[in-house]
Amino acid sequence: DKRRRFSLLELASHFASLVVILRSLYKQRKQKHRAMSVKTIAVLVAMEAEAAPLVERLGLQKQEKSPFAGPLPAVVFTGLVGDTTVHVCINGPALGFGVDSVGTVPAALTAYQACHVLRPDLLINAGTAGGFAAKGGSVGDVYLATRFCNHDRRIQIPGFDTYGIGAVDAARCPNLTDALGFKTGVVSTGNSLDCPSVDHENLQKNDASVKEMEAAGVAHVARMFGIPLIAVKAITDIVDGDKTTHDEFMENLAAAAKALQDAVPKVIAFVAGKKIEDL
């Protein structure tokens, strides 16, 4: 009886392992053969002030019960834009600080849950950013990212130095660029609003046209899931200008949010239903 019981337990264990393997293979096959056209879009935004005009413009409704697991403070608004499901995911309030959760860590956490739970065909990271006069940037410009990098992860060890920069290409979208006429350039990410000389040197090495605080964190997650990512950034301040960054940022935040309100729906309208390779 003991041998029989052991054999049955062993058989049950093998069967359970087989089920796990089959489920994994099914998920891989489903991912490989996922919809070739864009049917679901997740728009990731750091600040409520950046997202509010866009949510209103698209007519999205807040999901009162978060679709995300755990205590993540992210807020999700969902609706249909034509035949395409659009989710706008805001990082949410920073617990204990009374401000928006900005920076790469909240961005990556929100991006992970959005990819895992919402399973979008395309990610859009939308937000405000700094531009560069040396690159022809002006307040109010809208950029589409060509690549994502970090400019403040300085790890001077061979191999880790490249990881620190963390360069990831954005989804190629030449037709979108031509259709909407937005500027294009490298988006470089750091966790500080100011720009000390060491960061400025790295921004130049990255050939950055845009400086902001979230996109590279989102790009890291997007690459993990194999989901195409584009970024739409509206310029609030000029990094190499003569105004104080935080003053210029606050002065132009509302106008930049309005620019996103106009730009992101145009991007969504263009990509909806298209194949990624046709963007």
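Guide: Two packed helices are described by the angle between their axes and the distance between the axes. Here the axes of helix 3 (residues 104–118) and helix 7 come within 7 Å and cross at roughly 25°. Axes are lines fitted to C-alpha atoms, for helices over the stretch in contact, with angles from 0 to 180 degrees between N-to-C directions. Helices (H or I, at least four residues) and strands (E, at least two) are DSSP runs, numbered from the N terminus.

This is a predicted model, in which local features need pLDDT of at least 70 and side-chain atom pairs count only at pLDDT 80 or more, while totals for chains, interfaces and linings use all residues. Residues are numbered from 1 along each chain as its sequence is written, and side-chain values use heavy atoms, with hydrogens and water left out.

Visitor: How are helix 3 and helix 7 oriented to each other?

Guide: They are roughly parallel, since angles under 35 degrees count as such.

Visitor: Which residues of helix 3 and helix 7 meet?

Guide: Thr104, Ala107, Ala108, Ala111, Tyr112, Cys115 and His116 in helix 3 meet Gly217, Val218, Val221, Met224 and Phe225 in helix 7; contact means heavy atoms within 4.5 Å. The residues of this contact divide into nine nonpolar, three polar and no charged.

Visitor: Which residues of helix 7 are buried?

Guide: In helix 7 (residues 215–225), the buried residues are Ala215, Ala216, Gly217, Val218, Ala219, Val221 and Ala222. Buried means under 20% relative accessible area, exposed over 50%, and partly exposed in between (1.4 Å probe, protein chains only). Just after this helix, Gly226 takes a positive phi of about 70°.

Visitor: Which residue between helix 3 and strand 5 deserves attention for its phi?

Guide: Most residues other than glycine have a negative phi. Arg119, in the loop between helix 3 and strand 5 (122–131), has a positive phi of about 50° although it is not a glycine. At 43% relative accessibility, Arg119 counts as partly exposed. Asp207, in the loop between helix 6 (197–205) and strand 9 (208–212), has a positive phi near 60°.

Visitor: Which residues touch the most other members of the largest nonpolar core?

Guide: In soluble globular proteins, nonpolar side chains tend to be buried together. Of the 36 residues in this core, Val43, Val88, Ile124, Val232 and Val271 touch the most other members. Helix 8 gives the most to this core, with nine residues. A second, separate core of 31 residues includes Ala107, Ala170, Ala215 and Val221. Such a core is a set of buried Ala, Val, Leu, Ile, Met, Phe, Trp, Tyr and Cys residues joined through side-chain atoms within 4.5 Å.

How values were computed:
Parallel < 35°, antiparallel > 145°, perpendicular 65-115°, else oblique. Nonpolar A, V, L, I, M, F, W, Y, C, P; charged D, E, K, R; others polar.
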